[in-house]
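Subject: Structure for your review: strand pairing

Dear colleague,

Please find below the structure I am handing over to you, together with its sequence.

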Amino acid sequence: MPDALSTDDNIMRTTPRIHYPGIWNVSTDLVDWKEVDGQPGNFMKVLALDDANHRVDFLFKQDPHQRFQRHTHLCTVATLTLDGEWGYQEGPERFFRGCFNYEIKGSAHTPYSTELGMYLFASFQGDGPVFLELLDDDDQVTGHVDIDFFRQYYDAEL
Ligand SMILES: [Fe+2]
(Lines give C-alpha, C1' and ligand atoms only; values in the text may rest on other atoms or scores of the structure.)
Protein backbone atom coordinates (compact mmCIF):
# COMPACT_ATOMS: atom_id res chain seq x y z
CA MET A 1 0.00 0.00 0.00
CA PRO A 2 1.46 3.40 -0.87
CA ASP A 3 2.35 5.67 2.01
CA ALA A 4 0.44 8.88 1.38
CA LEU A 5 2.70 10.82 3.77
CA SER A 6 5.84 9.97 1.80
CA THR A 7 4.70 11.47 -1.49
CA ASP A 8 6.46 14.64 -2.58
CA ASP A 9 3.20 16.33 -3.51
CA ASN A 10 1.93 16.34 0.07
CA ILE A 11 1.42 20.06 0.65
CA MET A 12 1.72 19.65 4.43
CA ARG A 13 5.43 18.88 3.93
CA THR A 14 6.10 22.46 2.85
CA THR A 15 3.21 24.53 4.21
CA PRO A 16 3.02 25.33 7.93
CA ARG A 17 -0.69 26.08 8.05
CA ILE A 18 -3.62 25.37 5.78
CA HIS A 19 -7.05 26.66 6.74
CA TYR A 20 -10.47 25.76 5.45
CA PRO A 21 -13.70 26.99 6.96
CA GLY A 22 -13.83 25.25 10.32
CA ILE A 23 -10.58 23.33 9.89
CA TRP A 24 -7.06 24.26 10.97
CA ASN A 25 -4.25 22.04 9.66
CA VAL A 26 -0.77 22.68 11.06
CA SER A 27 2.55 21.09 10.16
CA THR A 28 4.10 21.91 13.51
CA ASP A 29 7.74 21.31 12.53
CA LEU A 30 7.42 24.20 10.07
CA VAL A 31 6.20 26.66 12.73
CA ASP A 32 8.82 28.64 14.68
CA TRP A 33 9.06 28.57 18.48
CA LYS A 34 8.31 31.92 20.12
CA GLU A 35 9.70 32.76 23.57
CA VAL A 36 6.95 33.63 26.04
CA ASP A 37 7.04 37.27 27.15
CA GLY A 38 8.07 37.56 30.80
CA GLN A 39 8.78 33.82 31.14
CA PRO A 40 12.40 33.24 30.05
CA GLY A 41 13.20 29.75 28.84
CA ASN A 42 9.53 29.11 27.99
CA PHE A 43 8.48 28.79 24.34
CA MET A 44 5.27 28.12 22.46
CA LYS A 45 3.82 27.38 19.05
CA VAL A 46 0.16 28.38 18.90
CA LEU A 47 -1.61 25.80 16.73
CA ALA A 48 -5.20 27.00 16.82
CA LEU A 49 -6.81 30.04 18.37
CA ASP A 50 -10.59 29.86 18.53
CA ASP A 51 -12.15 33.04 19.91
CA ALA A 52 -15.72 31.83 19.54
CA ASN A 53 -15.08 28.87 21.84
CA HIS A 54 -12.51 30.59 24.14
CA ARG A 55 -10.00 27.92 23.22
CA VAL A 56 -6.32 27.83 22.33
CA ASP A 57 -4.25 24.77 21.40
CA PHE A 58 -0.48 25.03 21.51
CA LEU A 59 2.85 23.28 21.86
CA PHE A 60 4.81 24.34 24.91
CA LYS A 61 8.50 23.88 25.62
CA GLN A 62 10.69 24.71 28.62
CA ASP A 63 14.46 24.65 28.51
CA PRO A 64 16.09 22.53 31.25
CA HIS A 65 15.67 23.85 34.81
CA GLN A 66 13.13 26.55 33.98
CA ARG A 67 9.74 27.34 35.46
CA PHE A 68 6.56 29.13 34.50
CA GLN A 69 5.16 31.61 37.02
CA ARG A 70 2.66 30.17 39.53
CA HIS A 71 -0.87 30.68 38.28
CA THR A 72 -4.52 29.85 38.80
CA HIS A 73 -6.48 28.45 35.88
CA LEU A 74 -9.71 30.17 34.92
CA CYS A 75 -10.09 27.55 32.19
CA THR A 76 -9.82 23.80 31.96
CA VAL A 77 -6.53 22.46 30.65
CA ALA A 78 -5.53 19.20 28.98
CA THR A 79 -1.88 18.39 28.32
CA LEU A 80 -0.05 15.47 26.76
CA THR A 81 3.70 15.35 27.42
CA LEU A 82 5.72 14.68 24.27
CA ASP A 83 9.27 14.74 25.66
CA GLY A 84 11.37 15.76 28.67
CA GLU A 85 10.44 15.47 32.32
CA TRP A 86 8.64 18.10 34.36
CA GLY A 87 6.43 18.61 37.39
CA TYR A 88 4.51 21.05 39.54
CA GLN A 89 6.51 22.57 42.37
CA GLU A 90 3.50 21.93 44.62
CA GLY A 91 3.58 18.13 44.16
CA PRO A 92 6.00 15.18 44.04
CA GLU A 93 5.10 13.77 40.61
CA ARG A 94 7.10 14.29 37.47
CA PHE A 95 5.72 13.72 34.00
CA PHE A 96 7.36 12.27 30.90
CA ARG A 97 6.40 11.30 27.35
CA GLY A 98 2.90 9.86 27.28
CA CYS A 99 1.71 11.38 30.57
CA PHE A 100 -1.63 13.19 30.43
CA ASN A 101 -2.85 15.96 32.73
CA TYR A 102 -6.32 17.41 33.07
CA GLU A 103 -6.58 20.52 35.21
CA ILE A 104 -9.91 21.92 36.22
CA LYS A 105 -10.81 25.56 36.56
CA GLY A 106 -9.51 26.92 39.87
CA SER A 107 -6.38 24.78 40.17
CA ALA A 108 -3.12 26.63 40.96
CA HIS A 109 0.44 25.44 40.42
CA THR A 110 3.96 26.23 39.19
CA PRO A 111 5.23 24.02 36.33
CA TYR A 112 8.98 23.45 36.23
CA SER A 113 11.30 21.40 34.07
CA THR A 114 14.05 19.01 35.13
CA GLU A 115 17.42 18.72 33.40
CA LEU A 116 15.53 17.01 30.55
CA GLY A 117 13.37 20.06 29.79
CA MET A 118 9.67 19.96 28.99
CA TYR A 119 7.82 19.52 25.71
CA LEU A 120 4.07 19.06 25.64
CA PHE A 121 0.83 19.69 23.80
CA ALA A 122 -1.70 21.78 25.72
CA SER A 123 -5.28 22.82 25.18
CA PHE A 124 -6.88 25.67 27.16
CA GLN A 125 -10.67 25.65 27.11
CA GLY A 126 -12.37 28.55 28.85
CA ASP A 127 -15.77 30.09 29.28
CA GLY A 128 -14.39 33.57 28.64
CA PRO A 129 -11.28 35.18 27.14
CA VAL A 130 -9.15 35.08 30.34
CA PHE A 131 -7.29 31.81 30.93
CA LEU A 132 -4.81 32.36 33.79
CA GLU A 133 -4.24 34.57 36.80
CA LEU A 134 -0.49 34.99 37.37
CA LEU A 135 0.45 34.88 41.06
CA ASP A 136 3.37 36.16 43.13
CA ASP A 137 4.96 34.33 46.07
CA ASP A 138 2.12 35.51 48.33
CA ASP A 139 -0.52 34.29 45.85
CA GLN A 140 -1.44 37.86 44.95
CA VAL A 141 -2.55 38.31 41.34
CA THR A 142 0.11 40.12 39.31
CA GLY A 143 -1.36 39.74 35.84
CA HIS A 144 -3.49 37.71 33.48
CA VAL A 145 -3.02 35.52 30.45
CA ASP A 146 -5.90 35.87 28.03
CA ILE A 147 -6.57 34.85 24.47
CA ASP A 148 -4.92 38.05 23.19
CA PHE A 149 -1.73 37.05 24.99
CA PHE A 150 -1.64 33.94 22.81
CA ARG A 151 -2.56 35.92 19.72
CA GLN A 152 0.82 37.70 19.75
CA TYR A 153 2.47 34.30 19.18
CA TYR A 154 0.01 33.21 16.49
CA ASP A 155 1.53 33.69 13.06
CA ALA A 156 -1.38 32.32 11.08
CA GLU A 157 -3.17 34.39 8.48
CA LEU A 158 -6.88 34.07 9.13
FE1 LIG B 1 -1.15 25.43 34.49
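Phe 60 has Leu 120 in strand E11 as its bridge partner. This pair belongs to the contact between E5 and E11 (residues 111-126), which is antiparallel and extends over 8 bridges. Please note that the model is a predicted one.

Strand E4 (residues 42-50) lies antiparallel to strand E5 (residues 55-62), and 8 bridges connect them. Within this pairing, Lys 45 has Leu 59 of E5 as its bridge partner. The hairpin of E4 and E5 has 4 residues between its strands, and His 54 adopts a positive phi near 50° there.

E11 in turn pairs with strand E7 (residues 75-88), again in the antiparallel sense, over 12 bridges. In this pairing, Leu 80 is found opposite Phe 121 of E11.

Gly 87 has Arg 94 in E8 as its bridge partner, and a hairpin of 5 residues links E7 to E8.

I would also draw your attention to an open sheet. Four strands make up this sheet, in the order E10-E6-E12-E13, with antiparallel pairing. Which strands stand at the edges of the sheet? They are E10 (108-109) and E13 (141-146); each has a single partner strand, so one side of each lacks a neighbour in the sheet. The pairing of E13 with strand E12 (residues 130-135) is antiparallel and comprises 5 bridges. In this pairing, the bridge partner that Glu 133 finds in E13 is His 144.

- Lys 45 with Leu 59, for E5 and its partner E4
- Phe 60 with Leu 120, for E5 and E11
- Leu 80 opposite Phe 121, for E7 and E11
- Glu 133 with His 144, for E12 and E13

With kind regards

Technical notes:
Residues numbered from 1 in each chain as written. Predicted model: local features only at pLDDT ≥ 70, side-chain atom pairs only at ≥ 80, totals over all residues. Pairing = 2+ DSSP bridges. Helix = DSSP H or I, 4+ residues; strand = E, 2+ residues; numbered from the N terminus.
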